Amino acid sequence: MAKKSVVSKVKKSSVKATKTTTKASTKAKTGTKKTVDGTTAKFKISGDVQLLLKQHVGKPCVPCVKKGDKVSIGTLIAKPQGLGANIHSSVKGVVSKITDTAIFIKTDKVLSTIGPNDAIPVSAKKDDLLGRVTEAGVVGMGGAGFPTAVKLSTKLNDGYILVNAAECEPILAHNMAQLVRFPKETVKGIQYAMKIANAKQGIIAIKQKHSHEIESVLKALKGIDNIRVHLLPDIYPMGEERAIIRETLGILLPVTALPSDANAHVINVETVLRLYEAIEYGRPIVSKKITVSGKIKGSDNGVIVFSDVPIGIKVRDLIAAAGGIDGDYGEIIMGGPFMGRPCKLDDPITKTTGGIIVTEPFKDYKGAKVGLLVCACGANEDRLKDIAKKYNMNVVDVEYCKQAQDPKGNGVYKCENPGNCPGQALKCMNIKKAGATEILISNCSDCTNTVMGSAPGLGLNVHHSTDHIFETVGMPVQRHLTKSKFVEGPIPEGCTASRNPESNEPGGIKQRAHAEGGSKGADYSKPYQFRENTPDGELLISIESGSDISIKYED
Amino acid sequence: MSISAEYAQEHINDPAVLCCRREAGTTLSHHDFEDPAIFDDLVSSGLLKLDGALTIGQAMGSTLTKTLDSLNAITKDCVDKVQEAKASAAATPAAPTASASVGNTTTVSGGKLKIHIGEGKGIDLEIPMGIAAGAGAAAPSGAAAGAVAGGAASSAAGGEKVVRTLTRKHFNITEVKRGDKTKIDGTTLYIRKGIEKEAVDTQELVHDLKLDIITKDNYHVYSETIMDTQPIATKEGDAELGTGVTRVLDNVVMMLTGTTDEGVQIGEFGSSEGYLDENVMWNRPSCPDHGDIIIRGTVKIENKKNMERPGPLAAHKAFDVITQEIRLALKELDEKYCVSTEEFKQVRRPGKKKVALVKEIMGQGAMHDNLILPVEPVGILGAHPNVDLCNVPVVCSPLEVLDGCIHALTCIGPASKEQSRHYWREPMVLEMLFDEEIDFAGVIFVGSPQINSEKFYVSRRVGMTCEAMDCDGAIVTTEGFGNNHVDFVSHIEQIGMRGIKVVGMSFCAKQGALVVGNKYVTAMVDNNKSEAGIENEILGNNTLCPEDAVRAILMLKAEMTGEAIKKPEKEWNPNVKSQNIELISSVTGKPVELVKNEKSLPMSEKYKKKYANA
């Protein structure tokens, strides 16, 4: 395999836009993320590789190696207990330390990008599809980390595999790079997933703006009639599980439901490629596709896409391979601008790491009073408090978006209708009443737009949790929404799209249900449902639209 | 924020405003509308303009023709069509128009409700569970549609029943003098010289009592804070309060005033000391009428005892020694001096809507107390302080109220306090007593305790009492404002949650705005009369008057017939009252005359300083 130390650095072109309505000209740079992949890089390692025992939803794995054991790329080193996924060594070396949370492996000073055949294959036979996926330790690589074999073992009834290729987090580019570089492998992976889960249809959901990537995928889909492409509008969030289902199938699930309630599985686009590799080559999960961006030397704030970063190396070593940090910085984000969390230079890369972004230092707001508006689609309350602290702001009020629901009561919020704002004026007024001069929000595109409709008028300075990140890379900050929430204009033949439901443009998805409430396990794939009980002893039935409706009341 | 389908129906006549950006082509539904409850704030912040806004009813179901951002009002220019406004029951609060009964739109057959809709959009079905589940319930049509207004209610069962009668005999007094003996000579009342000392001697805490007789010509006289104004009345024979015959002296009242030895007013939040003509709102039910001869007692009680229960009570007891001697004289007065006779009948009207009056009275001790059910009208003997009764509800007949069953020790906020004379001629009781459209069940007195847990203890008893009385409606009154509003709204909640319609009455306006609330506090009558909406320390100024009583009873009737009461405005607006009064006058054909307020009095120095610029 190629061992050239080449990193593809995508320089961004900057576009000067002049506002015609004002005298001032604003310099709005837009990040052009080319769909280049296949980077091979060398990683200088500072200290041992650290493989976390919990890189997935479920319980931490139990080590099945001991200190001093020799391991190779692909050696099984930890097994799940209960819900989880196998963990394999991503390097050749010796187990140097085992703690409650990680296995440390001493290895060479320099590591190369791991190719498809560089790992010891898993033992399951190639025709045992689910066995190979299980053994390979595949998890949801979009960030959720749900064990893929567990997900796909829930059989669908001729249902849908929905492939999340929204790459909804701005800046991140490795998913799109993959679609250009590995379209056939990706499609193959989808077919495997459909076969495992007994799905009749695959749908790849991509934003309409990625025309180059769409073209690449459509080429790979030639002759395949049970997989289609669905075009998404360019707003945040579209990649949320229930948003994908709503956009592609026209079913809005309640926050308590699982995708299988809509006869579908949602699977990240990198995950299907890894699934393909696991089945085709028996390759376990030992590497990850990652976008590095921000204050990186020589990058001109562009994005650097790594196709196969060995899992377990330090964030510091990945940044060094990208060029190193350029001067002072504010924080390092692991993940995307919206959902990412700050991390430390010595933190290890995991199966779910998607982005590493180095930001500018934070501005000092000198103790200004701030109200937080927490949204389920972005930074949570703790993260917003963290950002407020870094800005030197004093939190005087915390409000939650009306749609942010915590169905399990464990602090994990889900949005009732992602990307469709329920109104924020009252929240802004509450924050104003609490004495704030600043408002720090983590909302989606639509809700942020609504906040802009009232907060500035109330005298609140608006800050978004992503501001410092977008400012670092020269992108315009999240404020007013100027794009449509629907896909407009012509679309490639055979594709569907998130059309305005009132429009008659081709490719639109019929809204099949607007399900509110409901219980877990309900079948939301049926085209209607809805009933509510009101506390005042009245039965209220609200039907948005429908036909041939029969309602019976019986004792 | 966006609203529910149910909420949108409630606000069908409120302006339609987008909660969020909506793109052209969107068919508007409740998901798209901002909550009208926050419009006032938005308008006053300059964030929202409602000019030309369609109502939610007009906009719902229409399609947007252009993309609009949040907080834009929907006007006819930006939708494809304006929906026909649905006729709704959002009548003005007090209009007693007999609302056309909705009619049966549902078919009840053998306990099953079946609805079939072939095809439709935006369909809302609300099914009262009473109909849906009312298997075997009697009177399927009457129960649902029982109309009250118009007086045409079904009076099939029983007819009217007179429970008891009270007769008031009036005796005129033209002069009050001091003499050797307390007696009434024709129309002259003589009060025994030296009686003051005997009165003082009965009470350890009372150190001095001065008596003077103030006539109309010398109303411009300084007075310490007024602790009570009382009628002079007595029972004939052995009759109990609220029945039989009561004799009362006209044109003369007892007025108790006082301080401690060192001159501290026996008041709490504000006091009414000053020149009488500048500090008394004459002719309030609570107050002396202009022209009345005032027999004023000025007591001095032991220092520091003004804020403890025994202090004010001792003052009242000492003063009642004098009143009692006059009562005895009144009993002796020859019948021939009786100038007029009034007869009050307590009538029950089975079949009419059953209504109770709940009067919250002060019960925190000291001057915040009330002696309930004395032997003599507004006497002391035989009465129990409601503090000692733990403030629990006590049910009285309307005639007991009019016969002086409350001897009031009140002093908080003199403008809104109800003195003993108030109950003697309580406008709400009179209004309900003579209203033939309702079945007036009784008056429930409930004290307002100091501690919150006790407040809720007593309010739950109020709820239970109304429930046990099987009331259809209730009016809850209170005096004062602030602390007592906690239990006041709790009474309303406890009554309302039992499905009983309820109207609240209190001084609120600007200064006394409710500090708490709940979803049952939807129908309120403000007793304010002051120009600036404040506690202006003018005795009796903001107490319940006939103009308030008539509004309350009509509001309750509107509620009981299922008419909607309009939401209050965000800020106190005196026009709400004047509009309702106008409406009532025009509908009933009987003009409602409004009482005067502090503007009719000469302005005191204190008032100039404190309130003239308020």
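Trainee: How much of chain A is buried?
Mentor: Of the 555 residues in chain A, 53% are buried. Keep in mind that this is a predicted model.

Trainee: And how many helices and strands does chain A have?
Mentor: Chain A has 12 helices and 30 strands.

Trainee: What share of the contacts comes from residues 24 or more positions apart?
Mentor: In chain A that share is 72%, counting contacts with a separation of 6 or more.

Trainee: Let's look at helix H7 of chain A. Is H7(A) mostly covered or mostly open?
Mentor: Mostly covered, with 11 of its 13 residues buried. Among them are Val269(A), Arg274(A), Tyr276(A) and Ile279(A).

Trainee: What span should H7(A) have, and why?
Mentor: H7(A) covers residues 269-281, so at 1.5 Å a residue its 13 residues should span 18 Å. The end C-alpha atoms are 18 Å apart, which agrees.

Trainee: What comes just after H7(A)?
Mentor: Gly282(A), which takes a positive phi of about 70°.

Trainee: Switching to chain B: what's the strand order in the open sheet of four strands?
Mentor: The order is E9-E10-E2-E14, with mixed pairing. Strands E9 (233-235) and E14 (338-348) of chain B are the edges, each pairing on one side only. On average, neighbouring strands in this sheet are turned by 20° against each other, direction ignored.

Trainee: Which helix packs on that sheet?
Mentor: Helix H8 of chain B, residues 310-332, which touches E2, E9 and E10 of chain B. The direction of H8 makes about 60° with that of E9(B).

Trainee: How do E9(B) and E10(B) pair, parallel or antiparallel?
Mentor: Antiparallel, over three bridges. For instance, Ala233(B) has Val248(B) in E10(B) as its bridge partner.

Conventions
Residues are numbered from 1 along each chain as its sequence is written. Chains are lettered from A and ligands numbered from 1 in the order in which they are written. This is a predicted model: local features need pLDDT of at least 70, side-chain atom pairs count only at pLDDT 80 or more; totals for chains, interfaces and linings use all residues. Helices (H or I, at least four residues) and strands (E, at least two) are DSSP runs, numbered from the N terminus. A residue is buried if 20 or more other C-beta atoms lie within 10 Å of its own, exposed if 12 or fewer, and partly exposed in between; C-beta atoms are placed from the backbone. Two residues are in contact if their C-beta atoms, placed from the backbone, lie within 7 Å. Two strands pair if DSSP finds at least two bridges between them. Axes are lines fitted to C-alpha atoms, for helices over the stretch in contact, and angles run from 0 to 180 degrees between N-to-C directions. The expected span of a helix is 1.5 Å times one less than its number of residues.
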